[in-house]
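This report describes selected local features of one protein model.

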Amino acid sequence: MMQLDFKEIITVSMVLFAVIDIVGTIPIIVDLRAKHGHIESEKASLVAGFIMIIFLFIGEELLNLIGIDVHSFAVAGSFVLFFLALEMILGIRLYRDEEASSASIVPIAFPLIAGAGTMTTLLSLKAQFQTINIVIAIVLNIIIVYIVLKSSAKIEKMLGKNGLGVIRKAFGVVLLAIAVKLFAANVKGLFV
């Protein structure tokens with residue numbers, strides 16, 4: 001039975017906010033805007049939200065199709081979150097993406113917002129939280145993403161490089177703690 005739980009919504013929202021790292025990607029967004037002109041904030045936000053919600057519902061079936069259970073995926077997801085958190089905290093880059101040729105749907109909606117880390121996180125969260133609460137958290141994050149995309153230049157000027165760095169590191173620590181909790185909650189399921 002699905003039930004609303006505001007604590008779960010807040011927790012999942014914070015996890016997704018940290019993984020999507022829309023504030024930390026402001027420099028990338030500003031650079032893409034300079035290279036490719038106007039960014040369609042509405043289109044990028046809606047497509048990213050659509051991808052995330054669809055994957056939340058069919059991702060588990062895709063895993064079953066290839067013979068992977070949710071606990072295994074959640075443990076793997078905890079490793080992805082762990083390394084994303086390390087990137088955020090230490091300011092290093094473990095994963096390198098190809099250079100973008102367009103700034104509309106690709107690379108902003110996918111893979112910048114709804115990328116591999118976000119997909120892994122969604123299925124990992126599904127193993128631990130109610131689906132309705134995850135959907136609400138996705139919608140809340142997409143609203144935040146839209147606001148940030150619309151006002152990325154203003155936010156960059158207001159926070160400055162140091163402010164963006166502090167926010168990124170703070171969410172990195174939160175994400176690291178969540179990765180450890182996710183691992184601990186699902187590792188037992190591997191041996192059942």
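## The loop between α1 and α2

In this predicted model, D21 occupies the loop that lies between α1 (6–20) and α2 (26–36). The phi angle of D21 is near 50°, a positive value in a residue other than glycine. Most residues other than glycine have a negative phi.

D21 counts as buried because its relative accessibility is 10%, and the cut-off for burial is under 20%. D21 is also among the residues touched by L16.

## The largest nonpolar core

The largest nonpolar core holds 42 residues, of which L16 and I22 touch the most other members. At least two residues of this core come from each of α1, α2, α3 (41–65), α4 (70–90), α5 (105–113), α6 (116–126), α7 (131–150) and α8 (152–187). The greatest contribution is that of α7, with 8 residues. In soluble globular proteins, nonpolar side chains tend to be buried together.

Leaving aside residues up to four places away in sequence, L16 touches D21, M52, T118, T121, L122, L125, A137, I138 and N141.

F50 counts as exposed because its relative accessibility is 56%, and the cut-off for exposure is over 50%. By contrast, D21 counts as buried, at 10% relative accessibility.

Note on methods. Residues numbered from 1 in each chain as written. Predicted model: local features only at pLDDT ≥ 70, side-chain atom pairs only at ≥ 80, totals over all residues. Heavy atoms only, no water. Helix = DSSP H or I, 4+ residues; strand = E, 2+ residues; numbered from the N terminus. Buried < 20%, exposed > 50% of the residue type's maximum accessible area, 1.4 Å probe, protein only. Core = buried A, V, L, I, M, F, W, Y, C linked by side-chain atoms within 4.5 Å. Contact = heavy atoms within 4.5 Å.
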